[in-house]
Amino acid sequence: MSVIKSVRTRVWTWKGPTVPPQGNFCTNASDALWMKGDAMASFRFHQWLTCEVETEDGTVGIGNAALAPGVVKQAIDEWYAPLVIGEDPFDYAYIWEKMYRRTHAWGRKGIGMTAISAIDIAIWDLMGKLVGKPVFKLLGGRTKEKIPVYYSKLYADSVEAMQREAEEAASHGYQAFKSRFGFGPKDGMAGMRENLKRVEALREVLGYDVDLMLECYMGWNLDYAKRMLPKLAKYEPRWLEEPVIADDVQGYIELNAMNIVPISGGEHEFSFIGCNDLIQRKAVSVLQYDTNRVGGITAAQKINAIAEAAQIPVIPHAGQMHNYHLTMANANCPISEYFPVFDVEVGNELFYYIFDGDAEAVDGYLQLDDDTPGLGITISATHLKHFEITE
Ligand SMILES: O=C(O)C(=O)C[C@@H](O)CO
Ligand SMILES: [Mg+2]
């Protein structure tokens, strides 16, 4: 048995070139505020946290998190690392409960659960490396020949720009696409028309034989979403994502019960308890936790069982290998979100600049290797010069 001897956290701050997002590129929770200046400032993810868990034999498992990296680093360094050092990584269920219960007063959601997620993902990568198996083979194995993905970008822009991007993506074989709304309650009826114009334009170039998902990123409210759903129905969206803020579970329930467009959410929910609540209350028709927020792979796999029992499909938020391995290992996870590799703008794609090994979509699918141990990623040296790294 090789016990955990260290936990190394690093915050990666991107100092390289960025593409400034266009105006109204995505609604978000801050839109409800009277904001001076850039309403999107809270939206950029130009930092990332890596968490490396090493055992006495020198094997290193890599985890990561993208929410509030500096704060999560401190939480891990001060609270969680001491809880896992000295433990056997294969006691991962015990380690998870220990992290969850010893910080329960403040850690069950948000920063604490994000910290737990980063460590847990590292432990699963570590276990895969120690037994020489890919993580998905430890979770249930291959349930798909390859994983279908949806192209996730199409931030709101001019109609022409969005149509060009959609056509370009379709030319690469994608069969599913996610777009972002740029207008919400503060933009009134004119904004509604701008939103609808763009959905219609996307259907015009993509047709109706592909899935089109629509993302609000918590930027609408219940009243606006109730008014928009009947107007959206004719465009047959695969789902409407995060129409209201994560705390408005009652709003989710009401919108999902309208049964006009399936409602998806969960990327801002934490732990299997939080996701179970969304499932049991029928708040979502598609559950979209992110493994590096919800409690890592240990929690995600428990959620997958609950969701499958309720026959709610699980389509984790974001790309990244920790989500792909879970999707590969679960028949109830039909498809993966895929952030195409682009110049750094919002930052969703920053992980491509930190890690080597992330699966790349080909003709609308991605593949995981049956023989690569762990998650299959390493820390990359390629873009180091563009990062300021805080140990
Ligand atoms: O990709 C998503 O689902 C996100 O919520 C990311 C954020 O960029 C808004 O789209
Ligand atoms: Mg989302």
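Colleague: What should I know about the numbering and the model?
Modeller: Residues are numbered from 1 along each chain as its sequence is written, while chains are lettered from A and ligands numbered from 1 in the order in which they are written. The model is predicted, so local features need pLDDT of at least 70 and side-chain atom pairs count only at pLDDT 80 or more, while totals for chains, interfaces and linings use all residues.

Colleague: Which domains is the chain divided into?
Modeller: Domain 1 (4-132) and domain 2 (138-380). The bounds come from an automatic or database domain assignment.

Colleague: How many residues of domain 1 are in contact with domain 2?
Modeller: 47, and they meet 43 residues of domain 2. Contact means C-beta atoms, placed from the backbone, within 7 Å.

Colleague: Which element gives the most to that side of domain 1?
Modeller: Helix 4, with twelve residues. Helices are DSSP runs (H or I, at least four residues), strands are too (E, at least two), and both are numbered from the N terminus.

Colleague: What about classes on that side?
Modeller: 25 nonpolar, 15 polar and seven charged residues. Ala, Val, Leu, Ile, Met, Phe, Trp, Tyr, Cys and Pro count as nonpolar, Asp, Glu, Lys and Arg as charged, and the others, Gly among them, as polar.

Colleague: New topic. Which residues surround ligand 1?
Modeller: Among them are Cys26, Arg180, Glu215, Glu267, His317 and Glu337. Each has its C-beta atom, placed from the backbone, within 6 Å.

Colleague: And the classes in the shell around ligand 1?
Modeller: Four nonpolar, three polar and four charged.

Conventions. Contact = placed C-beta atoms within 7 Å.
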